[in-house]
Amino acid sequence: MISTRGRYALRVLIDLAQNNTGSYIPLKDIAARQEISKKYLEIIVKDMVNAGLIVGASGKGGGYMLNREPEAYNVGEILELMEGTLSSVACLADKNYQCSRRSICKTLPMWEEYDSLVRGFFYGKKLTDLL
């Protein structure tokens with residue numbers, strides 16, 4: 001399940017793209033438009049700034065803006081940043097995961113196919129597809 005962190009991160013990026021004037025957009029404005037707690041958004045945007053998805057500036061005229069053009073963002077990278085791996089099972093989420101049944105696992109091909117579908121779907125969607 002995708003949590004509020006992932007969903008709200010997408011909403012912030014969509015808001016930044018839709019309201020892009022070349023100036024920083026105050027977080028309070030984003031929070032008001034998106035009807036999300038500013039305090040909660042502060043946590044989310046900090047992670048996005050640290051990952052280089054957005055740029056932040058403090059002080060008068062400060063706020064946030066996209067670090068690249070909207071078409072250069074894909075939903076998969078945003079969700080994995082906010083949620084962690086999109087993999088369905090531990091043996092696919094962690095390449096170093098040791099499973100004694102891997103070579104005889106009858107369900108592994110199904111999980112691999114499922115993960116491929118999920119990754120293909122989310123990584124195939126650009127931020128511009130959501131605008």
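**Notebook: pocket, rings and overall form**

I began with the largest pocket, which holds about 200 Å³ of space. This is a predicted model, so I kept to its limits: local features need pLDDT of at least 70, side-chain atom pairs count only at pLDDT 80 or more, and totals for chains, interfaces and linings use all residues. Residues are numbered from 1 along each chain as its sequence is written, and side-chain values use heavy atoms, with hydrogens and water left out.

**Entry: the pocket**

For my own reference, a pocket is an open set of points on a 1 Å grid over the protein atoms alone, where a 1.4 Å probe fits and protein lies on both sides within 12 Å along at least five of seven lines; lining residues have an atom within 4 Å of a point. The volume is the space filled by probe spheres set on the points, and grid points are joined across faces, edges and corners.

Which residues line the largest pocket? I listed Met-1, Ile-2, Glu-83, Thr-85, Leu-86, Ser-87, Ser-88, Tyr-114, Val-118 and Phe-122. Sorted by class, the lining has six nonpolar, three polar and one charged residues. The classes I used are nonpolar for Ala, Val, Leu, Ile, Met, Phe, Trp, Tyr, Cys and Pro, charged for Asp, Glu, Lys and Arg, and polar for the others, Gly among them. Helix H6 (residues 108-123) gives the largest share of this lining, with three residues. Helices (H or I, at least four residues) and strands (E, at least two) are DSSP runs, numbered from the N terminus.

**Entry: aromatic rings**

I searched the whole structure next and found two aromatic pairs. Rings of Phe, Tyr and Trp (its six-membered ring) pair if their centres lie within 6.5 Å; planes under 30 degrees apart are stacked, over 60 edge-to-face, and the rest tilted.

The ring centres of Tyr-8 and Tyr-40 are 5.7 Å apart with planes at 75°, so I logged this pair as edge-to-face. The pair joins distant parts of the chain, 32 residues apart, with Tyr-8 in helix H1 (residues 4-18) and Tyr-40 in helix H3 (residues 38-50). Are these two tyrosines buried or exposed? Tyr-8 is buried, at 18% relative accessible area, while Tyr-40 is partly exposed at 26%. My cut-offs are under 20% for buried, over 50% for exposed and partly exposed in between (1.4 Å probe, protein chains only).

Phe-121 and Phe-122 make an edge-to-face pair too, because their planes stand at 75° and their centres are 5.2 Å apart. Phe-121 is partly exposed, with a relative accessible area of 46%. Phe-122 is also one of the residues lining the largest pocket.

I also noted a charge over a ring: the charged end of Arg-68 sits over the ring of Tyr-73, 4.3 Å from its centre. The test asks for NZ of Lys or CZ of Arg within 6 Å of the ring centre and within 35 degrees of the ring normal.

**Entry: the whole chain**

I counted seven helices and two strands, and along the sequence they run α-α-α-β-β-α-α-α-α. Why do I call the chain more spread out than a compact globule? Its radius of gyration is 18 Å, well over the 14 Å that the globule rule gives for 131 residues. That radius is taken over C-alpha atoms, and the rule is 2.2 Å times the number of residues to the power 0.38. Along the principal axes, the C-alpha atoms fill a box of roughly 60 × 25 × 25 Å. Buried residues make up 32% of the 131.

**Entry: single residues**

Glu-35 is in the loop between helix H2 (27-34) and H3, and is exposed at 73% relative accessible area.

I then looked up some C-alpha separations. Ala-90, in helix H5 (residues 90-93), is 31 Å from Ile-14 in space and 76 residues from it in sequence. Leu-131 lies in the segment after helix H7 (127-130), and its C-alpha is 38 Å from that of Thr-107, 24 residues away along the chain. Lys-38, in helix H3, is 21 Å from Thr-21 by C-alpha atoms, 17 residues apart along the chain.
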